[in-house]
Amino acid sequence: MLFQGRSITMKPSMMESLLGLLRIRVKRGVNLAVRDLNSSDPYVVVKMGKQKLKTRVIYNDVNPEWNEDLTLSVTDPSLKVLLTVYDHDTFTKDDKMGDAEFEIKPYINALTMHLQDLPCGTIVTTVQPSRDNCLAEGSRIIWSDGKLVQDIVLRLKHVECGEVEVQLKWIDLPGSKGL
């Protein structure tokens, strides 16, 4: 591009590389580790690439219900999502209560099928637990109310116990590159 006789190279805008938004509903924790006297004050941090989001703290509960939506911008579907649970402490550094990684690629692949008008509850595909993922059980990608959703139960690593349940939903963004 020429501007006042000089050549200027412009970086592609975020919208040109943005595929869409991934809404991660952090539903609940199950049998999380005790990090305080009798309980814990857990919250979840979700990271993907340079993005980092967190839920609110649920006090005195090892089976917390967050039901909180965290929304990530997706530019690279091969990036993994890292979920880490922490115990909130007032006077000391927050204690780590385990972590889990999961891939969004199977979900993105299902989205690229551009399915429509399926009966509600149709299972499009199932991702099985393996050594390469933190799935506690098979994770189904289902057509529900005109959208694909994926429910995931993650077994936390680097901790004695605990699982976190999340759900993935896709948000198409006008002006983005799209899938």
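**Pockets, strands and cysteines**

Reply: Happy to! α2 (105-111) and β11 (147-155) each supply at least two residues of the lining of the largest pocket. Helices (H or I, at least four residues) and strands (E, at least two) are DSSP runs, numbered from the N terminus. This is a predicted model, where local features need pLDDT of at least 70 and side-chain atom pairs count only at pLDDT 80 or more, while totals for chains, interfaces and linings use all residues. Residues are numbered from 1 along each chain as its sequence is written, and side-chain values use heavy atoms, with hydrogens and water left out.

Me: Which element gives the most to the lining of the largest pocket?

Reply: That's α2, with three residues.

Me: And which residues are the closest to its centre?

Reply: Leu111, Trp143, Leu148, Trp170 and Asp172, out of 13 lining residues. By class, the lining has eight nonpolar, three polar and two charged residues. Ala, Val, Leu, Ile, Met, Phe, Trp, Tyr, Cys and Pro count as nonpolar, Asp, Glu, Lys and Arg as charged, and the others, Gly among them, as polar.

Me: OK, switching to the sheet. What's the strand order?

Reply: The open sheet runs β5-β4-β7-β8, four strands with antiparallel pairing. Its edge strands, each pairing on one side only, are β5 (51-54) and β8 (95-103). Two strands pair if DSSP finds at least two bridges between them.

Me: How many bridges join β4 and β7?

Reply: Six, between residues 42-48 of β4 and residues 80-87 of β7. Opposite Tyr43 you'll find Tyr86 in β7.

Me: Is Cys134 buried or exposed?

Reply: Cys134 is buried, as its relative accessible area is 8%. Cys120, by contrast, counts as exposed at 55% relative accessibility. The cut-offs are under 20% relative accessible area for buried, over 50% for exposed and partly exposed in between (1.4 Å probe, protein chains only).

Me: Nice, that covers my list. Thanks!

Note on methods. On a 1 Å grid over the protein atoms alone, a cavity is a set of points where a 1.4 Å probe fits but cannot get out, and a pocket is an open set with protein on both sides within 12 Å along at least five of seven lines; lining residues have an atom within 4 Å of a point.
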